[in-house]
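Here is a short report on one protein model. Look over the chain below, then read on.

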Amino acid sequence: MEGLLTRCRTLSALAPCSLHQSRDITHKGYRCAPGRGRRLVLSHMFQPQNLREDQVLPLDGRASDLACKSQRLMLQVGLIHPASPGCYHLMPYTVRAMEKLVRVIDQEMQAIGGQKINMPSLSPAELWRATSRWDLMGRELLRLRDRHGKEYCLGPTHEEAVTALVASQKKLSYKQLPLLLYQVTRKFRDEPRPRFGLLRGREFYMKDMYTFDASSEAAQETYGLVCDAYCRLFDRLGLRWMKARADVGSIGGTMSHEFQLPVDIGEDRLVVCPSCHFSANTEIVDLSQKICPDCQGPLSETKGIEVGHTFYLGTKYSSIFNAHFNNAHGESLLCEMGCYGLGVTRILAAAIEVLSTEDCIRWPRLLAPYQVCVIPPKKGSKEAAATELAEQLYDDVTEAVPQLRGEVLLDDRTHLTIGNRLKDANKLGYPFVIIAGKRALEDPAHFEVWSQNTGEVVFLTKEGVMELLTAVHVV
């Protein structure tokens with residue numbers, strides 16, 4: 001991207017743009033230009049903001065609970081709004097970012113053969129009693145009864161439900177395996193003390209995949225396949241990650257790994273060997289032993305935010321629910337299983353935690369809610385004549401760069417100065433901010449382009465802007 005910015009600086013100048021009378025029509029959040037598509041304008045966004053830090057408080061009003069940068073910033077710019085302890089309204093920008101993340105997850109899961117399903121959040125108690133997890137999970141389960149006295153929980157995970165589903169297919173053949181089923185849904189957990197915003201809440205979005213194989217060897221091969229997909233996912237998001245050995249916990253099984261983003265606010269303690277890249281959660285390590293078990297090198301300790309978790313389950317669940325398949329000889333055998341989670345809302349918050357400055361949100365480029373913000377001059381200012389140039393640029397970009405349709409926002413709050421709107425844009429973290437200022441009145445017009453992720457500022461003609469934005473990739 002830096003190289004492209006350099007090339008754009010040397011482009012030949014454009015012919016001056018002609019000005020014309022503006023006859024824009026405002027309708028339902030968009031400003032419509034005659035003969036053009038609708039313009040997406042900031043003034044109609046449902047985006048409550050508390051841009052002064054002393055106005056930002058959590059639900060219970062204790063500013064001391066805002067110990068987490070991502071929580072403070074997301075509340076400050078209106079990405080989330082507290083509803084009840086551990087539960088948040090996700091505002092339009094956040095929903096857009098989450099939908100993009102889900103698209104990336106879908107791409108990676110389907111590339112390895114994943115099939116997307118959707119299971120009920122209400123899970124019957126008898127399924128959980130069959131695996132003893134109704135009692136084992138304790139107060140973490142959110143439980144309820146219907147009007148007939150039947151007990152349910154709001155699922156924090158779906159091992160029981162999916163295994164019962166597969167078991168109901170009595171004629172499952174080895175030719176259908178491996179079977180990789182996944183969903184992206186709301187999950188519920190009765191956290192004793194929710195904190196850190198979306199990093200630890202009572203209601204959250206999660207991608208959970210469940211795999212069914214014909215043998216232990218095949219199941220472990222699938223396990224490696226899914227772990228590799230997770231690695232590609234985090235690489236595509238530009239996040240520094242670690243794959244750490246972990247405890248199987250209440251999920252069970254015989255092998256488990258966590259995908260962690262190293263950060264000081266993280267609640268997990270990890271040990272790492274810089275020599276052989278061994279890493280593990282301290283839950284499974286004897287901390288009195290400071291030597292790596294793989295290479296005998298020294299171990300160092302760090303903290304991380306868990307954003308993914310994988311488990312090799314074997315036949316723990318398939319044996320309880322009789323999830324069988326018929327092999328090539330017609331014999332009925334138990335499926336070998338694995339389960340694989342990704343915290344969708346947690347990945348969003350964790351990415352903001354590790355990428356942002358203390359004052360401004362920075363997104364993984366693929367997940368930015370909008371890629372471009374165009375800022376015209378203040379109404380009545382000396383540069384006001386450049387307003388139509390800014391609007392013309394908006395129209396040209398959205399017409400000529402197909403992947404940016406719906407990705408460009410026009411900050412039409414022209415009662416504010418360019419500086420104030422630039423400050424807001426910086427806080428919200430648009431990857432590109434384009435300003436029609438003094439140099440937009442030159443012949444040819446030059447626009448001020450801020451690349452938020454690199455911190456670079458350049459002046460480009462419309463042709464240069466178009467070439468720069470043509471290279472932007474959107475999921």
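Which residue takes a positive phi just after α11? G429 does, at about 80°.

## The model

This is a predicted model, with residues numbered from 1 along each chain as its sequence is written. Local features need pLDDT of at least 70, side-chain atom pairs count only at pLDDT 80 or more, totals for chains, interfaces and linings use all residues, and side-chain values use heavy atoms, with hydrogens and water left out.

Helices (H or I, at least four residues) and strands (E, at least two) are DSSP runs, numbered from the N terminus.

Helix α11 covers residues 418–428. Its buried residues (buried is under 20% relative accessible area, exposed over 50%, partly exposed in between, with a 1.4 Å probe and protein chains only) are I418, R421, L422, D424, A425, K427 and L428. They pack against α2 (69–76), α3, β20 (372–375), β22 and β23. Contact means heavy atoms within 4.5 Å.

Helix α3 spans residues 92–111 and holds T94. T94 counts as buried because its relative accessibility is 1%. Leaving aside neighbours within four places in sequence, T94 touches M74, L79, I80 and L348.

## The largest pocket

How much space lies in the largest pocket? About 990 Å³. The search uses a 1 Å grid over the protein atoms alone. A pocket is an open set of points where a 1.4 Å probe fits, with protein on both sides within 12 Å along at least five of seven lines. Lining residues have an atom within 4 Å of a point. Grid points are joined across faces, edges and corners, and the volume is the space filled by probe spheres set on the points.

The lining of the largest pocket has 46 residues. R189, E306, H309, F311 and R346 lie nearest the centre. The elements giving two or more residues to this lining are β11 (203–213), β16 (300–314), β19 (336–343) and α9 (344–355). Strand β16 gives the most, with 7 residues. By class, the lining has 20 nonpolar, 12 polar and 14 charged residues. Here Ala, Val, Leu, Ile, Met, Phe, Trp, Tyr, Cys and Pro count as nonpolar, Asp, Glu, Lys and Arg as charged, and the others, Gly among them, as polar.

## Helices α10 and α12

Two packed helices are described by the angle between their axes and the distance between the axes. For α10 (residues 387–400) and α12 (residues 462–470), the axes come within 11 Å and cross at roughly 35°. Axes are lines fitted to C-alpha atoms, for helices over the stretch in contact, and angles run from 0 to 180 degrees between N-to-C directions.

The crossing of α10 and α12 is right-handed; that is, the near helix is turned clockwise from the far one by less than a right angle. L393, D396, V397 and A400 in α10 meet K462, V465, M466 and L469 in α12. These contact residues divide into 6 nonpolar, no polar and 2 charged.

Most residues other than glycine have a negative phi, and most peptide bonds are trans. S132 has a positive phi near 70°. It sits in the loop between α4 (125–130) and α5 (133–136). Q296 has a positive phi near 65°, and lies in the loop between β15 (279–281) and β16. S132 counts as partly exposed, at 47% relative accessibility, and Q296 as exposed, at 56%.

A cis peptide bond joins L177 and P178, with omega about 0°. P178 is in the loop between α6 (159–167) and β10 (179–188). The bond from D443 to P444 is cis too, with omega near 5°. P444 lies in the loop between β22 (432–435) and β23 (447–451).
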